[in-house]
Protein chains: 2
Amino acid sequence: MTATDYFDVVIVGAGPSGLMATTWMARTGIKTLLIEKKSGRTLAGHADGLESRTFEILNSFGFGESIWMESNKTIDVCLWSSSGGYLRRDSVSPNHEPGLSRFQEATLGQGRIEEHLLNFVKQHSSVKIKWETVPISLKISDGKCDDPGSYPIEMRNDCSERTIRARYLVGCDGAHSWVRKRLGLFLEGDQTPNGHWGVLDCIPITDFPDIRKRCIIKSDAGNLMIIPREKKLVRFYIQVSPLVAARFKVDYHSSTLIAVLRDILQPYTFNTLHIEWSTIYTIGQRLCSTFSVMNRIFLAGDAVHTHSPKAGQGMNVSMQDSYNLGWKLSSVLRGVATSEILHTYQTERLPVAERLIAFDRRMCFGICSTEKDPSENANDRFSNLRPTLSEENSCAAGIGVVYGPSILMTSSSDCDSAANVEDTQSPFPQSKHHLATCITVGGRMPSQRVLCQSDSRPWHLQDRLVSTGQWHLIIFGGDITDGIQKTRLNQLTNSLSHPESLINSINLSDGSPVGSLAAYLVHTAPREKVEFMELPAILRPFDKEIGYDYSRVFADNASSGEGCGEAYQGYGVSSRGCMVLVRPDQHVAFIGALEDTNALYAFFTRFAVTK
Amino acid sequence: MTATDYFDVVIVGAGPSGLMATTWMARTGIKTLLIEKKSGRTLAGHADGLESRTFEILNSFGFGESIWMESNKTIDVCLWSSSGGYLRRDSVSPNHEPGLSRFQEATLGQGRIEEHLLNFVKQHSSVKIKWETVPISLKISDGKCDDPGSYPIEMRNDCSERTIRARYLVGCDGAHSWVRKRLGLFLEGDQTPNGHWGVLDCIPITDFPDIRKRCIIKSDAGNLMIIPREKKLVRFYIQVSPLVAARFKVDYHSSTLIAVLRDILQPYTFNTLHIEWSTIYTIGQRLCSTFSVMNRIFLAGDAVHTHSPKAGQGMNVSMQDSYNLGWKLSSVLRGVATSEILHTYQTERLPVAERLIAFDRRMCFGICSTEKDPSENANDRFSNLRPTLSEENSCAAGIGVVYGPSILMTSSSDCDSAANVEDTQSPFPQSKHHLATCITVGGRMPSQRVLCQSDSRPWHLQDRLVSTGQWHLIIFGGDITDGIQKTRLNQLTNSLSHPESLINSINLSDGSPVGSLAAYLVHTAPREKVEFMELPAILRPFDKEIGYDYSRVFADNASSGEGCGEAYQGYGVSSRGCMVLVRPDQHVAFIGALEDTNALYAFFTRFAVTK
Ligand SMILES: Cc1cc2nc3c(=O)[nH]c(=O)nc-3n(C[C@H](O)[C@H](O)[C@H](O)COP(=O)(O)OP(=O)(O)OC[C@H]3O[C@@H](n4cnc5c(N)ncnc54)[C@H](O)[C@@H]3O)c2cc1C
Ligand SMILES: Cc1cc2nc3c(=O)[nH]c(=O)nc-3n(C[C@H](O)[C@H](O)[C@H](O)COP(=O)(O)OP(=O)(O)OC[C@H]3O[C@@H](n4cnc5c(N)ncnc54)[C@H](O)[C@@H]3O)c2cc1C
């Protein structure tokens, strides 16, 4: 019998999705092994588009701002087409819809993003990374899967004689996923005929005027996409014939792609002395309809969905997959949630993948098709594409993802009595959407700027909802200097902090944030009229080493010269207030009135393992 | 004879001021030796206040944003006083005046700031740092000072037998400056009787409600200042009696300071389990009236001015001193400017130091005095302090510094004919202030947000004026789709780019930015009506390796959802436009009409060494 190493989680593949899963494990201190075939991070090429939701997620771990600063912002989309051999600009329009997020679409090489994630992971000791390693065997002991303490997964890799046993396995090993294949699962769907595209990353020398804007060009000589990148880099997606594709696959000469690019871009000139990367791919949208097996093995990212890079979504959706999975795994492993919550990984993420694939089809069709929509302006080659582009700006950017009702998500009702259940055992607490009309149950909590009560500093509320595995209860208390609102707030906080209450039964005594609940207050009283020390103790947790926590109470007041004071309006919350429960992944799980503690408790009762 | 090492510049002292001088030398590739007594950067304590102008300067080297993100923002100032033994909050007011800078006052330990500067310096090879080293001898050969190529300074240090010869020496060795003493110079002024203050950096455990705000407390038990810092740190300045001061100087027990602090803060409680640093100092404002000797040796920072830390200015002014000096030294050393410009170091910085000292006196008086202004509200112990606090918010923050006319600075006139000199030899070209009513000649160029013509990305114009040693000519061209403005712009750029013009005579062929001139355009035409490739070539410099420079042309247009479009208004520039010459340190040297090329050339003729 060989020696055995035990891990809570084994992750295969250190691409964006595997690194995001690893980031969660590092953050929550879960004993994890990450196995990667390559010898290190991506050095050039691959994905480079970051959507606003991805920035929000990266920022929730503390390194989003640095990536944001490093990235190139793509503000405009220009559509160009040729008619009669003459290339002309048809339109310029914004590349994002203002107000949805404080971030927006931007570009930065996948390798740089991987580096930021790796730097974070390296600061935490619970994760071990094995480079240049592939798994060679995988067994799962069916019988053991129901026992939460068991290690039903048994693996071996090519670098060691030792056996690896794990409680959970996450396959993030890309489109040709070994894990997926071992499970007998397939990607379904197929390649589009003639859908061959070359990719070229370089520093262009050109007189094409829109080279620093995102461009979609439909020329008589073919289709082209231009994506400006960080520093002076630009990515070109060049549609090529099967013949050119075949030639490139033999010699890998970028000159083959450049020749086509030059043709399309005429009369503008193109040259480059710095080529960073080039490749070719075939369009195809494929999906695996099973994201998890026995609630012990999970697949994420390209391992379960592949599509064209046209919409710049792959890296984003892949990271968002494992961002959804990570905290759930940690919660189960730390014994604060039943393993039933893991089923929501597939129910939440499969529909996202399905929509992504459908969206990508429309996008590819819009970009590749040269047919004109007869009902529209006959000269507009983009009539098929325009609606898809605006869809991209709003819902497709990850911001629009809304998870449906489940054990981890209430359903939403517009009726005031909905959540007012007297029966704490009610299996289906409902949210009262009308109490926060601009917050969507199931969607990620939007951000509004508020002032910290203790130092008057403006904060994006979202910046406080950091990813630690903790749940966030945001109490919109209204004007708490008003007697009625003050009483309502006190009743709520008394209930929450009662010795036998929810918070006391779910907050772990080991001080780990995973699965615990933090309460925040956003009030509308003039902040100088509110005394911090007179607020309910639950809103200013005390630590005997470092004193009070000053970061839980916020005022929706105007700042001196920096805006603010519009959060209630932005959230659609009235002066009577409400409470909003936000999951560890920033998705809104429940909205209720300040009195709806029973519904809140009923919600947690469904999955929380209490002391 | 011992062996000799040659350096262009030797800097003594690696505090904030020495590191800023070194940063310039690193940036401009000047062969430099930095000598520091200590074994590394400051680890705890010392200065921690950063003013907005300092952030702008740090950002001009590319690392201001990271320091900004790391720092604590101090938004409010609270004044507390006790009457009849009862401590009460008299007022809360903003700690900065909105609109002056996009940064504002913030706090971060001096050691962290030094670390950022050191990290920058280490990326450049022209600088050598010797830790744990002090100079032991210094000679200057008078006769050689006029010869620009000579190394008139001869030094030895305690770590090597070798002789050091340098062209220039910068003494940044703090209040007890060895360099200053060797030059026979003194700090003049004296200590205030009873002005003893303890300093304590710790994580407080307290029920004092304003602990995360800047507070000035005048209690019957003494005076106290509270400065919240990064993480959970707070700095306390505690006024102590001579007796307590003497006791502390013997045993260095922070408990001595804590006892006084507790007395002052009553009835609030105070405790701490994490003390980072503590010290004691005596108030004193002292100034050296000579900042440079023979135009070869320069003193900067605490070496020439010391004062109380009350206003949090020392580190700022010290860095601003050597920020003023650095590019001038580099310009002379790179042979693009006459050494005469070095005289402006003292003429520009001595008045700043004088004002600082006078300001610090008022501040200390306002904080320490317990006398009430009889003409004012008899209960207001702060009547002496309030005007000083508002002064701090506007002019004292470095933003308000205006350099007077000199070889490097035009004088300003409100008369339209002023700069319109036909005679290019005119020794005193004047600026036309009325063409940009919100830009002050001699002051730093204020920032407004503009959109990059090539990618529509909003930029703070100041972010483009990076510190490289280059001069910036900002052309406000107005609506350049209008025939008249277009002609005016073309005439200006034709003149600038004429083979025998200024730009060609001052821009070095080695490609170094030091002393060269970069032209920028900020226009008001709708940006989609402006074709990049049709703009004058000087506004889109071409590099045969990496193509066009897309970062020189901006539109004062509204963005989609991110403001902008108010730069002309913000600068007080009319639709006829103007040109603004900005020095390498972001101070405005000249404002003229688009036709005033003669005045512009006359200005440069005074100091530029042309090819
Ligand atoms: C040319 C191109 C352009 C793209 N552009 C974009 C874009 O602009 N925006 C965007 O969002 N997406 C884009 N994508 C898609 C994006 O790269 C992928 O969607 C994303 O990388 C998927 O992340 P992942 O972690 O799931 O898989 P991958 O990034 O493929 O990572 C899988 C990892 O697993 C490793 N691995 C594989 N098999 C094994 C094994 N048996 N054992 C151990 N390790 C293994 C691999 O070496 C790899 O590191 C693009 C892709 C390409 C090819
Ligand atoms: C308690 C305290 C609080 C302060 N608070 C603030 C504040 O909030 N904000 C603010 O702006 N300022 C503050 N200051 C002032 C600030 O620290 C100084 O103004 C600033 O550090 C001056 O920078 P400098 O580089 O000129 O001198 P210093 O920081 O003193 O640096 C001088 C350097 O030279 C070295 N040196 C000295 N002699 C020699 C020698 N012979 N050979 C080699 N090296 C030598 C020293 O070791 C030191 O590293 C405070 C100072 C103190 C003491």
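## Around ligand 2

A backbone N or O atom of B:Gly314 sits 2.9 Å from an oxygen atom of ligand 2. Taken alone, ligand 2 exposes 990 Å², and the protein buries 87% of that; accessible areas come from the Shrake-Rupley method with a 1.4 Å probe, and for residues only the protein chains shown count as cover. This is a predicted model, where local features need pLDDT of at least 70 and side-chain atom pairs count only at pLDDT 80 or more, while totals for chains, interfaces and linings use all residues. Residues are numbered from 1 along each chain as its sequence is written, chains are lettered from A and ligands numbered from 1 in the order in which they are written, and side-chain values use heavy atoms, with hydrogens and water left out.

Two further residues of chain B place polar atoms by the ligand. A backbone N or O atom of B:Gln313 lies 3.5 Å from an oxygen atom of ligand 2, and a polar side-chain atom of B:Asn316 lies 3.3 Å from an oxygen atom of ligand 2.

## Who makes up the shell

Ligand 2 is surrounded by 36 residues, and the closest are B:Ser17, B:Glu36, B:Asp302, B:Gly314 and B:Met315. Here a residue is near a molecule or strand if one of its heavy atoms lies within 4 Å of it. By type, the shell around ligand 2 divides into 14 nonpolar, 15 polar and seven charged residues. In this scheme Ala, Val, Leu, Ile, Met, Phe, Trp, Tyr, Cys and Pro count as nonpolar, Asp, Glu, Lys and Arg as charged, and the others, Gly among them, as polar.

Which element gives the most to the shell around ligand 2? That is α8(B), with four residues. Helices (H or I, at least four residues) and strands (E, at least two) are DSSP runs, numbered from the N terminus. The shell also draws at least three residues from each of domain 1 (4–68 + 108–188 + 286–368) and domain 2 (72–107 + 190–283) of chain B, with domain bounds taken from an automatic or database domain assignment.

Now over to chain A, where A:Thr410 lies in the loop between α10 (386–394) and β21 (411–413). Is this residue buried or exposed? A:Thr410 counts as buried because its relative accessibility is 2%; buried means under 20% relative accessible area, exposed over 50%, and partly exposed in between (1.4 Å probe, protein chains only).

The side chains of A:Thr410 and A:Ser431 are joined by a polar contact of 2.5 Å. A polar contact is a pair of N or O atoms within 3.5 Å; within protein, one must be able to donate a hydrogen and the other to accept it, and residues adjacent in sequence count only if both atoms are side-chain atoms. The A:Thr410 side chain also reaches the backbone oxygen of A:Ala589 at 2.7 Å. Leaving aside neighbours within four places in sequence, A:Thr410 has contacts (heavy atoms within 4.5 Å) that include A:Pro429, A:Val441, A:Phe603 and A:Arg606.

## Backbone details to look at

The bond from A:Gln266 to A:Pro267 is cis, with omega near 10°, and B:Gln266 and B:Pro267 are joined by a cis peptide bond with omega of about 10°.

In chain B, B:Tyr252 has a positive phi of about 50° although it is not a glycine. B:Tyr252 is exposed, with a relative accessible area of 54%. B:Cys564, also not a glycine, has a positive phi near 75°, and at 14% relative accessibility B:Cys564 counts as buried.
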